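I opened this entry to keep track of what I looked up, one topic at a time. The sequence and the model come next, and my notes follow.

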Amino acid sequence: MRVLILGGTGDANRLAAAVAKDARIDAVLSYAGRTENPTQPPISWRVGGFGGIDGLADYLRAENIARVVDATHPFAAQISAHAVTACAVAAVPLLALERPPWQRAPGDRWIEADDLEAAAEALGAAPRRVFLGIGRVHLETFAAYSQHAYLVRLVDPPRAPLPLPDAEVIVARGPFDRAGDRAMLTNFCAEIVVARNAGGYSASAKIEAARDLALPVVMVRRPLVPVRAKVETVAEVMRWLGHDKTPAERGV
Ligand code: NAP
């Protein structure tokens, strides 16, 4: 069975490792190409956009794809929406592997925001020391909030000056651990953390560290994606791939 895995997450790589052990599945993992050295999966892989909905539908047909698993990041809303429409057009069953969002725990001081612009506003007018755990692409949003001092953690070293006048950079790839993130926040004298509600364990250390240090967290809610069948674990995806029926047929 030819399977397309839309990736760019640890979950997608764990799924790739699982399908590699099943000789009945011939899967290809797709990366957008945002990081310089993507994790090499044990299955075939490709890099780059498909060219919108039509491009993805064409790819599904040309590559004779029988199933698509959307294992992209919960904030990668565009590719997820494209997958819903392209799979409908090409009549290919789609399943999303989507980790549950983090839930507020005792001791958490969350300020929830609908998007990054609202998160930047929520930092307030007074200068603060801010840890931005949001990746590189969206730093521009905070450029207008230059009264703050930022600590930014990135997967790749920045190739151009950051849009933030006062920013320290840490280059590191997750998963991160709670004690390490606590030390990072303490060393920076962070007063507040900005995070997107990605869920999962590989990026949760900063949330736990903020809880340990009683720091407020501006938590950005997930964007909306069109309704699709979804599961939370690799094991559930593997069961779906081992069945002839689509999730709709099985009432998932
Ligand atoms: P996005 O806004 O949803 O997608 C923008 C465009 O990038 C898509 O329309 C598609 O281009 C291309 N694209 C995205 N994911 C792709 C994939 N897996 N394979 C091939 N093309 C893909 O995506 P994003 O937020 O920029 O995220 C890009 C990638 O980084 C995703 O794969 C995601 O899993 C990963 N990632 C994202 C975040 C995040 O915070 N957003 C965090 C960690 C990892 P075409 O229209 O040309 O097909």
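**Entry 1**

I started with Glu36, which forms a salt bridge with Arg159; the closest N and O atoms are 2.7 Å apart. Glu36 lies in the loop between strand 2 (26–31) and strand 3 (44–47), and Arg159 in the loop between strand 8 (149–154) and strand 9 (167–171), so the pair ties together parts that are 123 residues apart in sequence. I noted that the model is a predicted one.

Next I looked up how open the two residues are. Glu36 has 40% relative accessibility and so counts as partly exposed. Arg159 has 65%, which means that Arg159 counts as exposed.

**Entry 1: other salt bridges**

I searched the whole structure and got 18 salt bridges. As a reminder to myself, side chains of opposite charge can pair when their charged atoms come close.

I picked Arg153 and Asp181, a salt bridge with its closest N and O atoms 2.8 Å apart. This pair links distant parts of the chain, with Arg153 in strand 8 and Asp181 in helix 5 (residues 178–188), 28 residues apart. Are Arg153 and Asp181 buried or exposed? I found that both Arg153 and Asp181 are buried. Arg153 also lies over the face of Phe176, at 3.5 Å from the ring centre.

I then took the salt bridge between the side chains of Arg178 and Asp212, at 2.8 Å from N to O. Arg178 is in helix 5 and Asp212 is in helix 6 (residues 205–212), so this pair ties together parts that are 34 residues apart in sequence. Arg178 has a relative accessible area of 33% and is partly exposed. Asp212, with 34%, is partly exposed.

Not every entry on my list was a simple pair. Asp70, Glu98, Arg222, Arg228 and Lys230 are linked in a network of salt bridges.

I turned to the strands. Strands of a sheet pair through backbone hydrogen bonds, either parallel or antiparallel. Here I found an open sheet of six strands in the order 3-2-1-4-5-12, with parallel pairing. Which strands are at the edges? They are strand 3 and strand 12 (230–231), each of which pairs on one side only.

I followed strand 1 (residues 2–6) in more detail. Strand 1 pairs with strand 2 in the parallel sense over five bridges. Within that pairing, Arg2 stands opposite Asp26 of strand 2, and Leu6 stands opposite Ser30 of strand 2. Strand 1 is also joined to strand 4 (residues 67–70) by four bridges, and these two strands run parallel. The bridge partner of Leu6 in strand 4 is Asp70. I had already written down Asp70 as part of the salt-bridge network.

How many residues of strand 1 are buried? The count is five of its five residues. In a regular strand the side chains alternate between the two faces of the sheet.

**Entry 2: helix 1**

Strand 1, helix 1 (residues 10–20) and strand 2 make a right-handed β-α-β unit. I listed the buried residues of helix 1: Asp11, Ala12, Asn13, Leu15, Ala16 and Val19. What do the buried residues of helix 1 pack against? I found strand 1, strand 2, strand 4, strand 5 (94–97) and helix 7 (234–241).

**Entry 3: aromatic rings**

The structure holds three aromatic pairs. One of them is Phe50 with Tyr59, an edge-to-face pair with 5.0 Å from centre to centre and 65° between the planes. Phe50 counts as buried at 16% relative accessibility, and Tyr59 counts as buried at 16%.

Phe142 is buried, with a relative accessible area of 0%, and Tyr150 counts as buried at 1%.

Last, I went back to Tyr59. The charged end of Arg46 sits over the ring of Tyr59, 5.4 Å from its centre.

Notes. Residues are numbered from 1 along each chain as its sequence is written. This is a predicted model: local features need pLDDT of at least 70, side-chain atom pairs count only at pLDDT 80 or more; totals for chains, interfaces and linings use all residues. Side-chain values use heavy atoms; hydrogens and water are left out. A salt bridge is a side-chain nitrogen of Lys or Arg within 4 Å of a carboxyl oxygen of Asp or Glu. Buried means under 20% relative accessible area, exposed over 50%, partly exposed in between (1.4 Å probe, protein chains only). Two strands pair if DSSP finds at least two bridges between them. A crossover is right-handed if, with the strands pointing away from the viewer, the path from the first strand over the helix to the second runs clockwise. Contact means heavy atoms within 4.5 Å. Rings of Phe, Tyr and Trp (its six-membered ring) pair if their centres lie within 6.5 Å; planes under 30 degrees apart count as stacked, over 60 as edge-to-face and the rest as tilted. A charge sits over a ring if NZ of Lys or CZ of Arg is within 6 Å of the ring centre and within 35 degrees of the ring normal.
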